[in-house]
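Here is a short briefing on salt bridges. Please look at the charged side chains first.

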Amino acid sequence: AKEYKTQGNRLFGEKKYVEAVEFYTKAIAINNKDAVFYANRAACYSNLDDHERTIADCNEALKID
C-alpha cells in the first residue's frame with residue numbers, strides 16, 4: 001500500500017489528480033484503515049472539484065483517525 005501511496009503522491013505533485021486517485025484507491029484496497037490514504041484521495045477530488053467524493057473521503061478519514 002505504501003508504494004501505491006508514494007506513486008499517488010508523485011502524481012499529485014505533478015497535478016495529475018485523476019491518475020493519483022487510482023493509486024490512492026489501490027492503497028485503500030490493500031489497507032482501508034489508513035486515514036492518510038483517504039485524506040490524500042480527498043485532496044485529489046477537491047482539486048478536481050468533486051465535492052461529494054471529497055466530503056465522503058474526509059468522513060472516512062475521520063472515522064479512522
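Is Asp 57 buried or exposed? Asp 57 is buried, at 4% relative accessibility. Buried means under 20% relative accessible area, exposed over 50%, and partly exposed in between (1.4 Å probe, protein chains only). This is a predicted model: local features need pLDDT of at least 70, side-chain atom pairs count only at pLDDT 80 or more, and totals for chains, interfaces and linings use all residues. Residues are numbered from 1 along each chain as its sequence is written, and side-chain values use heavy atoms, with hydrogens and water left out.

**Overall count**
- The whole structure holds five salt bridges; each is a side-chain nitrogen of Lys or Arg within 4 Å of a carboxyl oxygen of Asp or Glu.

**The buried pair**
- Asp 57 and Arg 41 form a salt bridge, 2.5 Å from N to O.
- Asp 57 sits in helix 4 (residues 51-64) and Arg 41 in helix 3 (residues 35-47), so their contact ties together parts 16 residues apart in sequence.
- Helices here are DSSP runs (H or I, at least four residues), numbered from the N terminus.
- Arg 41 is also buried, with a relative accessible area of 12%.

**Asp 50 and Arg 53**
- A salt bridge joins Asp 50 to Arg 53, with the closest N and O atoms 3.8 Å apart.
- Asp 50 is partly exposed, at 23% relative accessible area.
- Elsewhere, salt bridges with shared partners link Arg 10, Glu 14 and Lys 16 into one network.

**Within that network**
- Lys 16 pairs with Glu 14 in a salt bridge, the closest N and O atoms being 3.3 Å apart.
- Lys 16 is partly exposed at 39%, and Glu 14 is partly exposed at 40%.

Methods: Helix = DSSP H or I, 4+ residues; strand = E, 2+ residues; numbered from the N terminus.
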